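Please read the following points alongside the sequence and the model.

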Amino acid sequence: MKQDQIEEEGLSYAPCRYGDSRMLFRGPRKRLDQPYLAFLGSTATYGKFIKRPFPMLVEQAMRQPCVNLGCVNGGIDAFLGDPAVLDVCRGAEMTVVQVMGANVLSNRFYSVHPRRNDRFLRASTVLEAIYHDVDFSDFAFTRHMLGVLHATSIERFETVVGELRDAWLARMRTLLGAIGENVILMWFSDGPLSDQRWSQHPNHLQAEPLFITQSMIEGLRPMVRDVLEVVPSREALSEGIKEMVYPPSQRQAAMEMLGPACHREAAQQLIPVLRERLYAL
């Protein structure tokens, strides 16, 4: 995220880097020569438009430095391609990994930007053959592209979903293996984990994280210390954009995010799990 964008939003994100990482993270920068917790994830972990995202709330409650490695619109590829970030995670007493969507990673059908994983780069010849009736030069973002593919052919789209899920599982196993076993996998969404067909989800392609099922998460459970499912209450969800800080042009984007009340509930659920797992080490 560029500095002028940060200032425009009206929040001081205190952008910082760790080691040789090319990615800017939310600050202030934490010292890594003393015990700390790490938080890896996408926009929710970063806390865009949120004054006090859940990593900050955990830090205040536990009185232990929390390194926020959230990346706006980031996916697994952004972190796997950044050895400095993986080093920070390996050095943490515990790393909380937010479950990220399967749409924001490179796969057999299409490629995404190495750091801005929501950016669509190109379709493979395989996808072009499957969707010979689609002009892929029209797309800049993966979600827009997927929406058009779904509208063009639901039957063909199922093949795409299957590939994205396979790629996500393989990439997550690589990520967790690179970090080590001191990981808590965190589902943070307005809906519960389930194996419901993605097409039956009320929000369809607007769901977050996209295409992830309960069975996929269960398949990763042996690699982590715990799996925490955080689904904000109706009361928290109903507060919407209350207390969020955003420019007028970003109101719609803010409305699609989990608000401060949801972050408070996430921290409340995370803290006892973190304490239990840390004391067990």
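1. In this predicted model, Asp226 forms a salt bridge with Arg277, and the closest N and O atoms are 3.5 Å apart. Asp226 lies in strand β7 whereas Arg277 lies in helix α12 (residues 260-280), so the pair ties together parts that are 51 residues apart in sequence. Asp226 counts as buried, at 18% relative accessibility, while Arg277, at 25%, counts as partly exposed.

2. A salt bridge also joins Arg225 to Glu181, with 3.1 Å between the closest N and O atoms. Because Arg225 is in the loop between α9 (214-218) and β7 (226-230) and Glu181 is in the loop between α8 (154-179) and β6 (183-188), this pair ties together parts that are 44 residues apart in sequence. Arg225 is partly exposed at 31% relative accessibility, and Glu181 is exposed at 54%.

3. Asp87 and Arg90 form a salt bridge whose closest N and O atoms are 2.4 Å apart; both residues lie in helix α5 (residues 83-91), three residues apart, which is about one turn of the helix. Asp87 has a relative accessibility of 46% and counts as partly exposed, as does Arg90, with a relative accessible area of 43%.

4. The whole structure holds 12 salt bridges, and Glu239, Glu243 and Arg264 are linked in a network of such bridges.

5. Leaving aside neighbours within four places in sequence, the residues in contact with Asn103 include Tyr110, Arg143, Leu164 and Phe211.

How values were computed: Residues are numbered from 1 along each chain as its sequence is written. This is a predicted model: local features need pLDDT of at least 70, side-chain atom pairs count only at pLDDT 80 or more; totals for chains, interfaces and linings use all residues. Side-chain values use heavy atoms; hydrogens and water are left out. Contact means heavy atoms within 4.5 Å. A salt bridge is a side-chain nitrogen of Lys or Arg within 4 Å of a carboxyl oxygen of Asp or Glu. Helices (H or I, at least four residues) and strands (E, at least two) are DSSP runs, numbered from the N terminus. Buried means under 20% relative accessible area, exposed over 50%, partly exposed in between (1.4 Å probe, protein chains only).
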